[in-house]
Amino acid sequence: MKAIRTAFYTLCFAVLLMVPAFASYVDPSVTTFAIQAVVGVVVVAGAVIGVVWRRAKKKAMEVLHIDENAGKEVEDDLVVFDETKPEAEAAPEEAAVPEVAAEAEKAEVTE
């Protein structure tokens with residue numbers, strides 16, 4: 001079995017040496033694509049490792065009965081209502097008056 005494996009590897013190496021020089025040309029666009037593929041694999045691997053690490057950490061903390069929020073202080077949500085109304089909301093009729101006056105001036109100019 002070892003002789004067959006050695007013969008196979010020798011044959012593969014001989015075939016690689018017989019490849020003509022012009023067949024080894026790599027276009028710049030192929031290089032760019034290869035770089036993008038490698039970067040994509042690295043990003044996906046990082047995301048997968050991050051998710052697996054977070055899940056494993058959460059599971060380990062549950063098994064060990066550790067609460068990561070035990071020492072944190074939580075502030076209450078404050079909601080403040082302002083009872084005073086701005087003047088524009090208090091008198092919507094007065095806010096519309098300048099628009100009516102501007103339309104009346106336009107009508108006078110065109111006549």
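Okay, ground rules. What you see is a predicted model, where local features need pLDDT of at least 70, side-chain atom pairs count only at pLDDT 80 or more, and totals for chains, interfaces and linings use all residues. Residues are numbered from 1 along each chain as its sequence is written, and side-chain values use heavy atoms, with hydrogens and water left out.

So, the overall layout. The protein chain has four helices and zero strands, and from the N terminus on it reads α-α-α-α. Those are DSSP runs numbered from the N terminus: H or I of at least four residues for helices, E of at least two for strands.

Now, how much is covered? Of the 111 residues, 2% count as buried. Buried is under 20% relative accessible area, exposed is over 50%, and partly exposed sits in between, with a 1.4 Å probe and protein chains only. The chain exposes about 11,100 Å², and carbon and sulfur atoms supply 66% of that. The areas come from Shrake-Rupley with a 1.4 Å probe, and for residues only the protein chains shown count as cover.

Let's start with H1, residues 2-17. Its 16 residues should span 22 Å at 1.5 Å a residue, and the end C-alpha atoms are 23 Å apart, which agrees. The expected span, by the way, is 1.5 Å times one less than the number of residues.

Tyrosine 9 is exposed, at 53%.

On to H2, residues 28-63. The 36 residues should span 52 Å, and the end C-alpha atoms are 52 Å apart, so that agrees. Valine 39 is in H2, and it is partly exposed at 45% relative accessible area. Together with Ile35 and Val43, Val39 makes a nonpolar surface patch of about 270 Å².

Last stop: histidine 65, in the loop between H2 and H3 (87-90). Most residues other than glycine have a negative phi. Histidine 65 has a positive one, about 55 degrees, although it is not a glycine. Histidine 65 is also exposed, at 73%.

Definitions and conventions:
Patches are made of residues with over 30% relative accessible area and no salt bridge: like charges are joined within 9 Å, nonpolar side chains (Val, Leu, Ile, Met, Phe, Trp, Tyr) within 5 Å. A salt bridge is a side-chain nitrogen of Lys or Arg within 4 Å of a carboxyl oxygen of Asp or Glu.
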